[in-house]
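Please open the model in a viewer and keep the selection tool at hand.

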Amino acid sequence: MKNYKHLVLIAVMPLTLLIALDFQGMHVRVKASAGTMMSGFRAQQDKAGPAREGSQPQAKNAEEAYKNIQIFKGLPAPGVMRAMSFFTTSLGVDCNHCHVAGEFEKDDKPAKQTARKMYEMVRLSNKFLSSNRVSCYGCHRGHAKPEPPPEAWKTELDEMRRKGEEDQRPAEQVYKNVQTLKGLPAGRWTMLMTMFTKSLGVDCTYCHVPGEFEKDDKPAKLMARKMLSLTGVIAREIYKGPTSINCYTCHQGKAQPVSFPPTPAGSSAKPAETKPPEITRSGPLPSASQVIESYQKAVGGTAAFAKLTTRVLKGSIKADSGFTAPLEVYVKAPNKLLMVMQTPGGGATVAFNGKTAWQKNENGLREMTGTEAEFLKSLAQSFAGAGLDARLSNLEVKGKAKLGERDTYVIDALSAPIRMYFDIQTGLLLRQEEEVNAPEGKTKLTVEFEDYRELDGVKIPLSRRWTRPGFSFTHKFDEIRHNVAIDDGRFEKPVQ
Ligand code: HEC
Ligand code: HEC
Ligand code: HEC
Ligand code: HEC
């Protein structure tokens, strides 16, 4: 489980989204949670604004959306978060490897500076090769530092180098067709050619006509010359001196380097970017209040919820990339929340005590404010599953839509950019889409509720799948208990 860092990333993902929201001091109210349906209508109406206006996503440039853009200048802003997600996957780290938590524009961490240099190297290499195959993942493969060649090679190659030491003649005096490596001592030749074969996992004939090594008939030999020049260019322009980049760094034993992470086996077949379902308006439609009423009835009714004071949920969090970790959620009505994810790195906790939100993980303890705190609050309400207090005049039935096998009524909240899908047969809420203002422009957060089970007179979804363009993960619970005594102190921020 050395990849547990991914889990920390996943746990804070919705938070990360909201951290991003706070960027330009945009005090957009975020109702990014399933909680709005179950509890938040009243609160929303009070502060309602015409949030739906201009909901067409409009991409700004990166430097307009963020504070300290150097390498992504001129690129559309949405690309920044995609790049960040790719960086983290490629290096097997979380955001805080390169960033000061919550202050992404700061350049305090050396890794951020290195990442800029690396990005320039990737750009330079791809330009040089007229290719797009050089990527962070290609060299890093999920490690902060690329793996060096196996130790055994080093011994073997060192031995070859030693044997060749006496022959200091320039290679071109010894061999017939030396173009790129002019001046290299001939004694190093065998060592170098052996390094080529090992780095690419091929034999000499991959590049050479057997017995006629001087011939340039094989395209791979020409390509290898180009690669030698590329390494030289990287040393000169990026490292400004000797470089640790060699054939193995990119090739890692394969003639064709890898550019992207493999799609993990066993990951959900659903793509991370779910298309919104198509809405039809055929046949008679119920009123919004009828739909809400049948939802309330379906989940057990407000009276049943009123009897519940606390809820403890135990299960797991699982990302589409395959990473998973135990997850426990403690909720106390109306809005206290504690989420604990167990990782070998010491765990990650986020909590809301009704007033303040905080977060604790391997990077330390931090208070969360603004939109982040609001997010946790609505998450708390959602997990508490409190009864509705909807002012139904603020809802509008848009039509019907199919979600897989299920037919649903589609309802928009006029006070917020939120759309909900209710199962026509069961009345249950199956999906909620929300438009949130991230720095890169508007983006959509989708939550899908699955596997409703009845317990103590109320129905609870055992599974919640969160999707935002570029990533998605699922909370699954297999143990839920009600009215367990939870000390209020557990929701309080620990003293440092
Ligand atoms: C490997 C290092 C690395 C990792 C990991 C990383 N970033 Fe970045 N991030 C950078 C670099 C470098 C920049 C600056 C880009 C530029 O100069 O154009 C940046 C810039 C940003 C910015 C723009 C800040 C501003 O206002 O200028 C945000 C936001 C951001 N990153 C978020 C994230 C998030 C969220 C994650 C985790 C999902 C993450 N980053 C992971 C290296 C990293
Ligand atoms: C050609 C191979 C190669 C590519 C491509 C590459 N890296 Fe690296 N990276 C390395 C090597 C080798 C090191 C080890 C230190 C050094 O030599 O500078 C490294 C080190 C780093 C470090 C410092 C590691 C640490 O200890 O924190 C960061 C951060 C990093 N790379 C980010 C990136 C990012 C982001 C990308 C894509 C934009 C990228 N790298 C692409 C080879 C590569
Ligand atoms: C990945 C491609 C590649 C592989 C594999 C490779 N070589 Fe080479 N070899 C080259 C290139 C490129 C040159 C020319 C270098 C130059 O122009 O400076 C070369 C040149 C040579 C020459 C000099 C030929 C002459 O007279 O000009 C010899 C000898 C040679 N290689 C031997 C070998 C042997 C032996 C192996 C297997 C252990 C091997 N090579 C594996 C790419 C390769
Ligand atoms: C910065 C990363 C990088 C480095 C360093 C690098 N390569 Fe490559 N190499 C690539 C990429 C990417 C491709 C695929 C190019 C393409 O098809 O667009 C490639 C392709 C090749 C090919 C053609 C493979 C085929 O199947 O025909 C050969 C041969 C090769 N490299 C040899 C070398 C040798 C020898 C070295 C060390 C001197 C080296 N490479 C260093 C990235 C690298």
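Which element gives the most residues to the shell around ligand 2? Helix α6 does, with 6 residues. This is a predicted model, in which local features need pLDDT of at least 70, side-chain atom pairs count only at pLDDT 80 or more, and totals for chains, interfaces and linings use all residues. Residues are numbered from 1 along each chain as its sequence is written, while chains are lettered from A and ligands numbered from 1 in the order in which they are written.

**Ligand 2.** Select ligand 2 and the 20 residues around it, of which Ala 115, Met 118, Cys 136, Cys 139 and Ser 244 come nearest; a residue is near a molecule if its C-beta atom, placed from the backbone, lies within 6 Å of it. The elements giving two or more residues to this shell are α5 (78-91), α6, α7 (136-140) and α12 (247-251). Helices are DSSP runs of H or I with at least four residues, strands are runs of E with at least two, and both are numbered from the N terminus. By class, the shell has 14 nonpolar, 5 polar and 1 charged residues. Here Ala, Val, Leu, Ile, Met, Phe, Trp, Tyr, Cys and Pro count as nonpolar, Asp, Glu, Lys and Arg as charged, and the others, Gly among them, as polar.

**From α6 to α11.** Next select α6 (residues 110-129) together with α11: they pack at an angle of about 145°, with their axes 10 Å apart. Axes are lines fitted to C-alpha atoms over the stretch in contact, and angles run from 0 to 180 degrees between N-to-C directions. On the α6 side, the contact includes Met 121, Leu 124 and Phe 128; on the α11 side, Leu 230, Val 233 and Ile 234 are among the residues involved. Contact requires C-beta atoms, placed from the backbone, within 7 Å. By class, this contact has 8 nonpolar, 1 polar and 3 charged residues.

**Ligand 3.** Then select ligand 3, which 23 residues surround, the closest being Tyr 175, Leu 181, Cys 204, Cys 207 and Glu 214. Both α10 (189-200) and α11 (219-239) give two or more residues to this shell, and α10 gives the most, with 5. Its classes are 13 nonpolar, 6 polar and 4 charged residues.

**Val 397.** Finally, select Val 397 in strand β8 (residues 395-403). Not counting residues up to four places away in sequence, Val 397 touches Leu 285, Pro 286, Ser 287, Ala 288, Val 291, Tyr 409 and Ile 411.

Terms used. Contact = placed C-beta atoms within 7 Å.
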